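Please open the model in your viewer, with the sequence panel beside it, and follow the stops below in order.

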Amino acid sequence: QVQLVESGGGLVQAGGSLRLSCAASGRTISTNPMAWFRQAPGKEREFVAFINWSSSRTTYADSVKGRFDISRDNAKITVFMKMNSLKPEDTAVYYCAVGTYSTSRYDYNYWGQGTQVTVSS
């Protein structure tokens, strides 16, 4: 079993920055792709970014490209996401996940509990 624990969410003004962290434990997953998804109230959970195990491949949703930066530390089995130039529409619960090379939430087997990000205008 894999446990994922997110942290770093909070309230920030538009234009500000936050850095999310997701620490993994349990079954060895250091070679698996890791991803961030988000879910706003009343909306479906949507893909934000993923990163492969060597950090040589990253993919971002168009809505965050150029503003968000995903990275990972395999020694600590932790994935990060630095979010810059935040907008009110970035407000959501952010989840990290472990799975495969995919932008679909159905291809991810393990999920964290989520961390709330609120961006005020």
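Throughout this tour, a contact means heavy atoms within 4.5 Å. The model is a predicted one, in which local features need pLDDT of at least 70 and side-chain atom pairs count only at pLDDT 80 or more, while totals for chains, interfaces and linings use all residues. Residues are numbered from 1 along each chain as its sequence is written, and side-chain values use heavy atoms, with hydrogens and water left out.

**The whole chain**

The C-alpha trace spans about 40 × 30 × 25 Å along its principal axes. The radius of gyration is 13 Å, which agrees with the value near 14 Å that a compact globule of 121 residues would have; this radius is taken over C-alpha atoms, and the globule rule is 2.2 Å times the number of residues to the power 0.38. If you colour by accessibility, 44% of the 121 residues count as buried, where buried means under 20% relative accessible area, exposed over 50% and partly exposed in between (1.4 Å probe, protein chains only). Among contacts between residues at least 6 apart in sequence, 55% join residues at least 24 apart.

**The disulfide**

Next, select Cys22 and Cys96, which form a disulfide with their sulfur atoms 1.8 Å apart; the term stands for a pair of cysteine sulfur atoms within 2.5 Å. The pair links distant parts of the chain, for Cys22 lies in strand E3 (residues 18-26) and Cys96 in strand E9 (residues 92-99), 74 residues apart. Both Cys22 and Cys96 are buried, and the count by this rule comes to one disulfide.

**A four-stranded sheet**

Now show E1, E3, E8 and E7, which make up an open sheet in the order E1-E3-E8-E7 with antiparallel pairing; two strands pair if DSSP finds at least two bridges between them. Strand E1 (2-7) and E7 are the edge strands, each pairing on one side only. Neighbouring strands of this sheet are turned by 15° against each other on average, direction ignored, with axes being lines fitted to C-alpha atoms, for helices over the stretch in contact, and angles running from 0 to 180 degrees between N-to-C directions.

Zoom in on E7 and E8, which run antiparallel and are joined by six bridges. Asp69 stands opposite Lys82 in E8, and the bridge partner of Arg72 in E8 is Val79. In a regular strand the side chains alternate between the two faces of the sheet. On E7, the covered face carries Phe68, Ile70 and Arg72, and the uncovered face carries Asp69, Ser71 and Asp73.

Most residues other than glycine have a negative phi, and most peptide bonds are trans. Ile77 counts as partly exposed because its relative accessibility is 23%.

Then move to Ser55, in the loop between strand E5 (46-51) and strand E6 (58-60), where phi is again positive, about 65°, although Ser55 is not a glycine. With a relative accessibility of 35%, Ser55 counts as partly exposed.

**A buried aspartate and an exposed tyrosine**

Which side chains make polar contacts with the side chain of Asp90? Select Asp90 in the loop between E8 and E9, and you will find a polar contact of 2.9 Å to the side chain of Arg38 and another, of 2.8 Å, to the side chain of Arg67. A polar contact is a pair of N or O atoms within 3.5 Å; within protein, one must be able to donate a hydrogen and the other to accept it, and residues adjacent in sequence count only if both atoms are side-chain atoms. Not counting residues up to four places away in sequence, Asp90 touches Arg38, Arg67, Phe68, Ser85, Val117 and Val119. Asp90 is buried because its relative accessible area is 1%.

Finish at Tyr106, in the loop between E9 and strand E10 (108-111), which is exposed, with a relative accessible area of 63%. The side chain of Tyr106 makes a polar contact of 2.7 Å with the side chain of Arg105. A distance drawn from the C-alpha atom of Tyr106 to that of Trp53, 53 residues apart along the chain, comes to 20 Å.

Key
Helix = DSSP H or I, 4+ residues; strand = E, 2+ residues; numbered from the N terminus.
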